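Student: I would like to learn how to read some features of a structure. Please take them one at a time.

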Amino acid sequence: MVSSLAKDFAIRLGFPHVAVAQVALAAGELASNCWRHGGGGRVELRAIENGLEVRAIDSGPGIPDLAHAEQDGVSRGRRHSPETPIRDSLGVGLGSVRRLMDEVEVTSAPSVGTTVIARKRLHGRAG
């Protein structure tokens, strides 16, 4: 559902097809993370100057080690290996969001929750 809404929103803002797919994937991944790791939450979409913003907010346990959580193969704080097989996800969520979007900010605190703000610019990365 969130992916479809994000896709429609990006189309209305004039994003090209590849960027629309990237936004939809990132929004869906953030929504999944809110539900799976944050015990619920919300995802907000908004237009910004020259692009859009996806904001995911949960009030879960927080991310104790953000650098570790952004590594591919990490899920629920564990790196997947032959000894710890994939159980419920590929563990590439936050890393994928960073690769798909132009800007990503993550704020997380124990017992407070996590907020991820991901931006996509109509004409690529700012700078």
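Tutor: Contact means heavy atoms within 4.5 Å. Helices (H or I, at least four residues) and strands (E, at least two) are DSSP runs, numbered from the N terminus. This is a predicted model, in which local features need pLDDT of at least 70 and side-chain atom pairs count only at pLDDT 80 or more, while totals for chains, interfaces and linings use all residues. Residues are numbered from 1 along each chain as its sequence is written, and side-chain values use heavy atoms, with hydrogens and water left out.

Student: Which residues of α2 meet α4?

Tutor: Gln22, Leu25, Ala26, Glu29, Leu30 and Asn33 in α2 meet Gly93, Leu94, Val97 and Leu100 in α4. These contact residues divide into 6 nonpolar, 3 polar and 1 charged. For that division, Ala, Val, Leu, Ile, Met, Phe, Trp, Tyr, Cys and Pro count as nonpolar, Asp, Glu, Lys and Arg as charged, and the others, Gly among them, as polar.

Student: At what angle do the axes of α2 and α4 cross?

Tutor: Axes are lines fitted to C-alpha atoms, for helices over the stretch in contact, and angles run from 0 to 180 degrees between N-to-C directions. The axes of helix α2 (residues 17-38) and helix α4 (residues 93-100) cross at roughly 155° and come within 9 Å. Angles under 35 degrees count as roughly parallel, over 145 as roughly antiparallel, 65 to 115 as roughly perpendicular and the rest as oblique. α2 and α4 are therefore roughly antiparallel to each other.

Student: How many residues of α4 are buried?

Tutor: Buried means under 20% relative accessible area, exposed over 50%, and partly exposed in between (1.4 Å probe, protein chains only). In α4, 6 of the 8 residues are buried, so this helix is largely enclosed by the rest of the structure. The buried ones are Gly93, Leu94, Gly95, Ser96, Val97 and Leu100. Their cover includes α2, α3 (66-69), β5 and β6.

Student: What does Val97 touch?

Tutor: Leaving out residues up to four places away in sequence, Val97 touches Ala26, Glu29, Leu30, Val104 and Ala118. The relative accessible area of Val97 is 0%, so this residue is buried. Val97 and Val23 are 74 residues apart in sequence, with their C-alpha atoms 8.8 Å apart in space.

Student: Where does Ala56 lie?

Tutor: Ala56 lies in strand β2 (residues 51-58) and is buried, with a relative accessible area of 3%. The C-alpha atoms of Ala56 and Leu30 are separated by 6.1 Å, although the two are 26 residues apart along the chain. Among the residues that Ala56 touches are Leu30, Cys34 and Thr114.

Student: Which side chain does Thr114 reach with a polar contact?

Tutor: A polar contact is a pair of N or O atoms within 3.5 Å; within protein, one must be able to donate a hydrogen and the other to accept it, and residues adjacent in sequence count only if both atoms are side-chain atoms. The side chain of Thr114 makes such a contact with the side chain of Ser108, at 2.8 Å. Thr114 lies in strand β6 (residues 113-121) and is buried at 8% relative accessible area.

Student: Is Ser111 buried or exposed?

Tutor: Ser111 counts as exposed, at 69% relative accessibility. Ser111 is found in the loop between β5 and β6 and has a positive phi of about 65° although it is not a glycine.
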